[in-house]
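Please brief me on this predicted model, with the cut-offs stated.

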Amino acid sequence: MRDAKAKLAHIDACLSPKSQYEKSAGFDQLQLMNQAGLDIALSNVSTEKNFLGQILKAPLMIAPMTGGVEKSALLNERWAKAAQHFGIPMGIGSQRVALEDHKKASSFHIRKVAPDVFIFANLGAAQIAQGMPAEQVQRAIDMIEANALFIHFNALQEACQNGDVDFKNLTKNMQKLCKHFSKQKIPVFAREVCFGLSKEAAKRFMDMGFSGIDCAGAGGTSWSKVEALCAKTERQRKLGFQFGEWGIPTAQSIENVRAISQSVPLIATGGIRSGQDILKALHLGADIASMAQPMLVAAHQSEQALFEFIEDLIQELRVALFASGQEKLPYSSLRA
Ligand SMILES: Cc1cc2nc3c(=O)[nH]c(=O)nc-3n(C[C@H](O)[C@H](O)[C@H](O)COP(=O)(O)O)c2cc1C
């Protein structure tokens, strides 16, 4: 499921509402507190955030999605232009395909339209567990002039798609990789893709030496459902749907990571669907929030639709801050 056909099938599946969890990410159970009677002006409300030394105009990220096919080149370019315009970071989809076939690399080349954007490169944990050398990982970073690297953990998704399920040598290889890039001062983030992090998992990531975490949890896109929708056999489809609702909701996932580390840079992904969700995620302890599927839907429609979507999202966040009596975001980046 890693060829061009699979990449396109993933995009199509994610555009369908059937790819989404029925269960909630947990933000609907939280309420931002209305604050009447304050001396506050909407024009003074700031959504700026210091994240890994870069000032973001909003605590919002375009989550890693795709690359390797023509359609993903167009989508990556739209997201990159938007990230540059709105001053927000961006991830790209797994670059494994471009390391294996350099002709596929051009679909990841977003730096030309996003000269100032904080960009995350992306590779799978299975490849590191199976011994991908640091030099090859460096090639993925250099390919897109990335500022940081995501290693995605998607064991359940791999199992549902009959993919890479050998993680036997994960810890020692990951520790080696994290140490190598820590010396190069390149941040390496561990990221789930949507199944959330337990406290134990967060502790394992800290022990491996990751410099940051994306705790992507359940409540938005379900990658077991996506694999079910893309399955080539009935039995594979059945397996995917059996795990369709598996996962720790994103709100809980944030709290689990923060129970283990108060200071690790933390991105919250999975079912973030509004400006109010972003603010709730930050109140729970995330440094920034990140969105995939809604960014796909908007970018798939047009560049203008994407720009309007992000502008409205940031405006909703600003109004939520204003109405709850905050001129600034709840946490300054990186607690002591
Ligand atoms: C079309 C599509 C492709 C994706 N591909 C990747 C990928 O290659 N690597 C990765 O780390 N995450 C990938 N993701 C997962 C997202 O980054 C995100 O963690 C997940 O979809 C949950 O966020 P959401 O509920 O906002 O969609 C992909 C998501 C989408 C929608």
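Ile278 touches Pro59, Leu60, Ile272, Ala289, Leu313 and Leu317, leaving aside residues up to four places away in sequence; contact means heavy atoms within 4.5 Å. Ile278 belongs to helix 12 (residues 275–284); helices (H or I, at least four residues) and strands (E, at least two) are DSSP runs numbered from the N terminus. The model is predicted: local features need pLDDT of at least 70, side-chain atom pairs count only at pLDDT 80 or more, and totals for chains, interfaces and linings use all residues. Residues are numbered from 1 along each chain as its sequence is written, and side-chain values use heavy atoms, with hydrogens and water left out.

**Around Ile278**

- Ile278 counts as buried because its relative accessibility is 1%. Buried means under 20% relative accessible area, exposed over 50%, and partly exposed in between (1.4 Å probe, protein chains only).
- Met291 is 13 residues from Ile278 in sequence. The C-alpha to C-alpha distance between Ile278 and Met291 is 9.6 Å.

**Buried helix faces**

- Helix 5 (residues 134–143) buries Ala134, Val137, Gln138, Ala140, Ile141 and Met143.
- The cover over the buried residues of helix 5 includes helix 3 (96–100), strand 5 (119–124), helix 4 (125–129), strand 6 (148–153) and helix 7 (170–183).
- Helix 13 (residues 293–301) has Gln293, Pro294, Met295, Leu296, Ala298 and Ala299 buried.
- For helix 13, the cover over the buried residues includes helix 1, strand 3 (60–62), helix 2 (70–86), strand 10 and helix 14.

**Helix 1 against helix 9**

- Two packed helices are described by the angle between their axes and the distance between the axes.
- Helix 1 (residues 4–15) and helix 9 (residues 223–230) have axes that come within 9 Å and cross at roughly 115 degrees. Axes are lines fitted to C-alpha atoms, for helices over the stretch in contact, and angles run from 0 to 180 degrees between N-to-C directions.
- The crossing of helix 1 and helix 9 is right-handed. A crossing is left-handed if the near helix is turned anticlockwise from the far one by less than a right angle, and right-handed if clockwise.
- Helix 1 contributes Ala9, His10, Ala13 and Cys14 to the contact, and helix 9 contributes Trp223, Val226, Glu227, Leu229 and Cys230.

**Salt bridges**

- The structure holds 13 salt bridges. A salt bridge is a side-chain nitrogen of Lys or Arg within 4 Å of a carboxyl oxygen of Asp or Glu.
- Arg191 and Asp214 pair at 3.1 Å, N to O. Arg191 sits in strand 7 (residues 188–192) and Asp214 in strand 8 (residues 212–214), so the pair ties together parts 23 residues apart in sequence. Both Arg191 and Asp214 are buried.
- Arg258 pairs with Asp287, with the closest N and O atoms 3.2 Å apart. This pair links distant parts of the chain, with Arg258 in helix 11 (residues 250–260) and Asp287 in the loop between helix 12 and strand 10 (288–291), 29 residues apart. Arg258 and Asp287 are buried.
- Glu77, Lys81 and Glu303 form one network of salt bridges that share partners.
- Glu234 and Arg237 also form a salt bridge, with the closest N and O atoms 3.5 Å apart. The two are separated by about one helical turn because they are 3 residues apart in helix 10 (residues 234–242). Glu234 is exposed, with a relative accessible area of 58%. Arg237 is partly exposed at 26% relative accessibility.

**Positive phi**

- Glu145 is not a glycine, yet its phi is positive, about 50 degrees. Glu145 follows helix 5 and lies in the loop between helix 5 and strand 6. With a relative accessible area of 54%, Glu145 is exposed.
- Asn162 is not a glycine either, and its phi is positive at about 60 degrees. Asn162 lies in the loop between helix 6 (155–160) and helix 7. Asn162 is exposed, with a relative accessible area of 68%.

**Nonpolar surface patch**

- Leu42, Val319 and Phe322 make a nonpolar surface patch of about 200 Å². Patches are made of residues with over 30% relative accessible area and no salt bridge: like charges are joined within 9 Å, nonpolar side chains (Val, Leu, Ile, Met, Phe, Trp, Tyr) within 5 Å. Accessible areas come from the Shrake-Rupley method with a 1.4 Å probe; for residues, only the protein chains shown count as cover.
- Val319 lies in helix 14 (residues 303–323). Val319 counts as partly exposed because its relative accessibility is 36%.
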